[in-house]
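Have a look at the sequence and the 3D view, then work through the notes below.

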Amino acid sequence: MTTKGKVALVVGAQGVIGRNLIDHLSTLEDWQVIGLSRRGGQDRERVRHIAVDLLDVDDTRSRLAGLGDVTHVFYTAYQDRPTWAELVPPNLAMLVNVVDAIEPVAKGLEHISLMQGYKVYGGHLGPFKTPARETDAAFMPPEFMHDQQRFLETRQHGKGWNWTAIRPAVVGGFALGNPMNLALAIAVYASISKELGLPLRFPAKPGAYDHLLEMTDAGLLARATVWAATEPRCANQAFNITNGDLFRWNEMWPFIADYFDLEVAPPLPLSLDTVMADKEPLWQAIGERHGLAPHAWRDVSSWRFADFVFSWDYDMFGDGSKARRFGFHEHVETKAMFTRLFDDFRRRRIIP
């Protein structure tokens, strides 16, 4: 691929973040896009996909050997594991393998963008300092996001490229088969509740219903990520990127229930991963009756992640002012984001 513009290598192209990043880049006339994922994808104008196993050093090196025109790497890949400690080896290895493969061949490499999250601040461990700021101290390892950033910081010394670390809150967007898709999990849960004639109960302990949190629209995140990767002042910096508003589930949940024409009942501690384990036949019947697209149950199920988010009985938000000080001023109302996503799921015939 030869071009006088910029060439983006989007690593993790089939996830919520990667998909939306590619969609945004494909609208920018001076960009060509290459997407990496295990499944590959369908090529379109100025976008091509490569299937690769990033945990396989030889496969990664072989698949990336011809990508000498790459100018920007957008790293959004993630491998899920049962425990925080087990997340470190695969997620660090994939990033290292990509950089080891692309750096020697991409002589015009300008930037590597690393997608992170509030795990950087210990948000997954329990109550932490809020609002979280990019200058907050690290905590006792293991934590793969810290290891990934340290790797880039060390690797960048003396090089012609720079890096940014992008830290969204829970991301709202479209993707199938993604282990961290909260909006789709809520939509499927609401659809099944309606099918069973049940009110929409918040499936967690009441404390989680009442605390502050925020989300990040995938489209806004894509625009902020490209902005940071191309704004010289952002070089070698980390940025919290969020919608710009805070909410509590005790206000958002009735809004979501109203979208699905459901009543709201008081919160009840439920493990969605448990109560949804036997719902695949019911979902198939719903799909046949409503003419839904024939997606596998596993591709619309993010129950473990939803349980994780709904377990936060403490505030979960960061300070997004640094990005504004550096020049990124976009924002998205979270209620409007949910409405747009649910409408999109219906348009795609994913939910009735």
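Before we start, helices (H or I, at least four residues) and strands (E, at least two) are DSSP runs, numbered from the N terminus. This is a predicted model, in which local features need pLDDT of at least 70 and side-chain atom pairs count only at pLDDT 80 or more, while totals for chains, interfaces and linings use all residues. Residues are numbered from 1 along each chain as its sequence is written, and side-chain values use heavy atoms, with hydrogens and water left out.

- As background, most residues other than glycine have a negative phi, and most peptide bonds are trans.
- P142 sits in the loop between strand 5 and helix 4, and a cis peptide bond with omega of about 15° links P141 to P142.
- P131 is in the loop between strand 5 (111-115) and helix 4 (144-156), and T130 and P131 are joined by a cis peptide bond with omega of about -5°.
- N236 isn't a glycine, yet its phi is positive, about 60°; look for N236 in the loop between helix 7 (218-230) and strand 11 (237-241).
- R349 isn't a glycine either, and has a positive phi of about 60°; R349 is in the segment after helix 13 (334-347).

**Helix 1**

- Eight of the 10 residues of helix 1 (residues 16-25) are buried, so the helix is largely enclosed by the rest of the structure. Here, buried means under 20% relative accessible area, exposed over 50%, and partly exposed in between (1.4 Å probe, protein chains only).
- Among the buried residues of helix 1 are V16, I17 and L21.

- The protein splits into domain 1 (6-171 + 217-241) and domain 2 (173-214 + 246-316 + 331-346), with bounds that come from an automatic or database domain assignment.
- The C-alpha centres of domain 1 and domain 2 are 27 Å apart.
- How much area do domain 1 and domain 2 bury between them? They bury about 1900 Å², with 61% of it on carbon and sulfur atoms; buried area is the accessible area (1.4 Å probe) that two parts lose on being put together, summed over both.
- On the domain 1 side, V16, V170 and D217 lose the most area to domain 2, together 30% of what that side buries.
- Two salt bridges are counted between domain 1 and domain 2, a salt bridge being a side-chain nitrogen of Lys or Arg within 4 Å of a carboxyl oxygen of Asp or Glu.
- R340 and D217 pair up through their side chains in a salt bridge (2.1 Å, N to O).
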